[in-house]
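Visitor: Could you take me through one part of this model up close? I'm new here, and I'd like to look at the salt bridges.

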Amino acid sequence: STLPLALVRDLFFNAEGVRPSPYWRPVVTCSYYLDHWIGGGSPVVFHLNNLVVLWVAALGVWRLLAPRWGRVEALAWAALFTVHPVLVESASNIAARTDLYCVAFGVWGLVIAKRHPWGSLALVLGACGSKEIGVIFPLVYVAWWGREQYRWKAPAVAVFGFLGVRWLLVMQWGLEPLSLGLDAWQTAGGRAMALVSQLLMPLPIAHGGLLATPGPASAIGGWLICLLLGRAAWKWKRSAPGLAVATVLVMGPILIALLASPNQPRLSHGFLVVPLLGLILALQVMCQERKSVAKPIGVGVLILGFMSATRVGVWESDLTLFEASHALESDDAEVRLNLARTVVLGDPKRSVLLLEGVVGFSPRRKREAAAVRAQALLKLGEAEQAVEWLRIAAGSDTESAWATGTLCVLLAGSPDAESEDICRGAVDLLPDDADVANALGIVYARKGELNSAATWFGRALEIAPQRAAFRANLEAAHLASQRQ
């Protein structure tokens, strides 16, 4: 019953405690509903869906390459595509299926584009409806089939149709504008760089090397690479148009990242699957038109792929992932916050140290960091200091619910003038939290409003009937009311 509304809202519309996002991905939304309907919410079905779609994408890669490369060589590349370590996140993380669906639709659109060019329109629509990066597929079709084949027309119509519908949703529902992802690339400091980082240089380069370090050196390096790639594309525009287009596909994301954030062009793990497909397509074009170029690039990719295999263990848990990121980017504010949040229960003292002196947070991230720091201080028994950080973290949105509720409980027994307002906000955010309801009762009891106090003590006891303290508070409120 909730599916029709979910299909016209952002991806996390039905998720509790998650702020609105700019991601409209109706295909992925449908896949979640289907998985839940089949398995009743069992995670096994969701993971199986990811694996099946990965195999479908790999089969499409094999079907695409076989006519040009031969069945055996195409099978080898499809196998590499399936098991390459760069796909760890997209295959194992349920929420990362956006990449899998996008590339599966896109590659099968490439397969049928020759015989059914307009049949690829629906498939490219599916790719865009799975992840916004699907809008690059018309360029991929040009690189693969050539401009004279006009295989890109149907995908281009699909992309414009997708953007048009999305614009209507922005107007109707207030969905956040996307601007083809440029806003995300800006805030991520060059997230588009992943399109080239995973195209020719898998995971190891993502946290090391010239383009990974923010600052003037990486900006100069990025502009130099763009200059060299642009010169090569211009040189090949007549003799090897397919190779020229493939070169522009590599250069484009770097250029966008540099223009969007000239001081911090940094690589990202995003867009993992589409660039790996791009690698295979680029190698195919190179083998066709410049075979001498393909061999050294192929050898380099295999070496770097082997290096990236050593990083698979990093994905064992949140702790291993953020520890590895912190070891390489110890000054990155986002990395330190993620690690502090992960270790706050097991090592609260380290969590506090990680967040000391961190700068560069957005207002939302500052509140998140304040909540993590307060949680660590509470674990260390420093309630007074925790209250100060909880005041920063508290708010009226669902993401601030824990901080607001905890602040209410801590202030309930004190003469704080704001305790009533804080607790009333907390019960709105946490209507089923017995401790928050009991705390509001304590606030009213301190003010002498015994009837209101009894109401909230009764609510707390209704939520948690086994809590003797709540029953005692309710009885005390009734007794005091009778005495009055």
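Guide: Let's start with the term itself: a salt bridge here is a side-chain nitrogen of Lys or Arg within 4 Å of a carboxyl oxygen of Asp or Glu. Keep in mind that this is a predicted model, where local features need pLDDT of at least 70, side-chain atom pairs count only at pLDDT 80 or more, and totals for chains, interfaces and linings use all residues. Residues are numbered from 1 along each chain as its sequence is written, and side-chain values use heavy atoms, with hydrogens and water left out.

By that rule there are 13 salt bridges. One of them joins Arg 341 and Glu 368, at 3.0 Å from N to O. Arg 341 sits in helix α17 (residues 333-343) and Glu 368 in helix α19 (residues 363-379), so the pair links distant parts of the chain, 27 residues apart; helices are DSSP runs (H or I, at least four residues) numbered from the N terminus.

How open are these two? Buried means under 20% relative accessible area, exposed over 50%, and partly exposed in between, with a 1.4 Å probe and protein chains only. Arg 341 is partly exposed because its relative accessibility is 37%, while Glu 368, at 18%, counts as buried.

For another pair, look at Arg 97 and Asp 35, whose closest N and O atoms are 2.8 Å apart. Here Arg 97 is buried, with a relative accessible area of 0%, and Asp 35 is buried at 2%.

Notes. Helices (H or I, at least four residues) and strands (E, at least two) are DSSP runs, numbered from the N terminus.
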